Amino acid sequence: MTRYNSMEVEVIKLGLYNIEALGLSSKEVLEQSVVWLREKYETTGDARYLDKAVWHIYAYLEMGYPYENGRAEFQVILDA
C-alpha cells in the first residue's frame with residue numbers, strides 16, 4: 001500500500017518551482033509525469049512507479065489543481 005511521503009511530495013513541488021518561467025505548465029508537467037509513471041509501471045511491473053505516481057498526484061492536489069481534471073488517469077493509478 002502506498003503511503004503519503006511528505007518529503008517526496010515536497011521534492012516534486014520544489015522541482016516544479018519556477019517552471020512556469022520556462023514556458024511550461026506545472027499542471028501539465030504533473031499530469032504527464034503521472035501518465036509516464038503509469039506506463040513505466042505497466043511495462044516493468046515495478047510497483048515503485050505507482051508510489052511515485054501517487055506522490056505526483058498528492059503534489060498536484062497540494063498545488064491547488066482540481067482532482068476532477070486528472071480523475072481518469074488518477075483512478076487508474078489508485079486502482080492499481
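Helix α2 comprises residues 26-44, and Ser 26 belongs to it. The model described here is a predicted one. With a relative accessible area of 3%, Ser 26 is buried, since the term applies to values under 20%. Beyond its neighbours up to four places away in sequence, Ser 26 touches Leu 16, Ile 19, Glu 20, Met 63 and Tyr 65.

## The loop between α1 and α2

Asn 18 is placed in the loop that lies between α1 and α2. Its relative accessibility is 52%, and Asn 18 therefore counts as exposed, the limit for that term being over 50%.

The backbone of Asn 18 deserves mention. Most residues other than glycine have a negative phi. Asn 18, which is not a glycine, has a positive phi near 70°. From Asn 18 to Val 29 the separation is eleven residues in sequence, and their C-alpha atoms are 12 Å apart in space.

## Val 9 in helix α1

Helix α1 covers residues 6-15 and contains Val 9. Val 9 has a relative accessibility of 0% and so counts as buried. When neighbours within four places in sequence are left aside, the contacts of Val 9 are Tyr 4, Trp 55, Tyr 58, Ala 59 and Glu 62.

## Helices α2 and α3

Two packed helices are described by the angle between their axes and the distance between the axes. For α2 and α3, the axes come within 8 Å and cross at roughly 165°. The two helices are therefore roughly antiparallel to each other, as angles over 145 degrees are classed in this way. The crossing in which α2 passes α3 is left-handed.

On the α2 side, the contact is made by Lys 27, Leu 30, Glu 31, Ser 33, Val 34, Trp 36, Leu 37, Lys 40, Tyr 41 and Thr 44; these meet Tyr 49, Leu 50, Lys 52, Ala 53, His 56, Ile 57, Ala 59 and Tyr 60 of α3. By residue class, this contact consists of eleven nonpolar, three polar and four charged residues.

## Helices α3 and α4

Helix α3 spans residues 48-62 and helix α4 spans residues 67-79; their axes come within 11 Å and cross at roughly 160°. The pair α3 and α4 is therefore roughly antiparallel. Here too the handedness is defined: α3 passes α4 in a left-handed crossing.

The residues of α3 that take part are Leu 50, Ala 53, Val 54, Ile 57, Tyr 60 and Leu 61, and their partners in α4 are Tyr 67, Asn 69, Gly 70, Phe 74, Ile 77 and Leu 78. The contact of α3 with α4 comprises ten nonpolar and two polar residues, with no charged residue.

## Helices α2 and α4

The axes of α2 and α4 come within 10 Å, and the angle at which they cross is roughly 25°. Helices α2 and α4 are therefore roughly parallel to each other, a description given to angles under 35 degrees. Their crossing is left-handed.

From α2, the residues Lys 27, Glu 31, Val 34, Val 35 and Arg 38 meet Asn 69, Glu 73, Phe 74, Val 76 and Ile 77 in α4. The residues of this contact are divided into five nonpolar, one polar and four charged.

## Glu 73 in helix α4

Glu 73 is located in helix α4. Its relative accessible area is 19%, so Glu 73 is buried, the limit for that term being under 20%.

Residues up to four places away in sequence being excluded, Glu 73 touches Val 34, Val 35 and Arg 38. With Arg 38 there is also a polar contact: the side chains of Glu 73 and Arg 38 are joined at 2.3 Å. Val 34, Val 35 and Arg 38 are among the α2 residues in the contact with α4.

Terms used
Residues numbered from 1 in each chain as written. Predicted model: local features only at pLDDT ≥ 70, side-chain atom pairs only at ≥ 80, totals over all residues. Heavy atoms only, no water. Axes fitted to C-alpha atoms, helices over the stretch in contact; angles between N-to-C directions. Helix = DSSP H or I, 4+ residues; strand = E, 2+ residues; numbered from the N terminus. Parallel < 35°, antiparallel > 145°, perpendicular 65-115°, else oblique. Left-handed = near helix turned anticlockwise from the far one by under 90°. Contact = heavy atoms within 4.5 Å. Nonpolar A, V, L, I, M, F, W, Y, C, P; charged D, E, K, R; others polar. Buried < 20%, exposed > 50% of the residue type's maximum accessible area, 1.4 Å probe, protein only. Polar contact = N/O pair within 3.5 Å; in protein donor to acceptor, adjacent residues only side chain to side chain.
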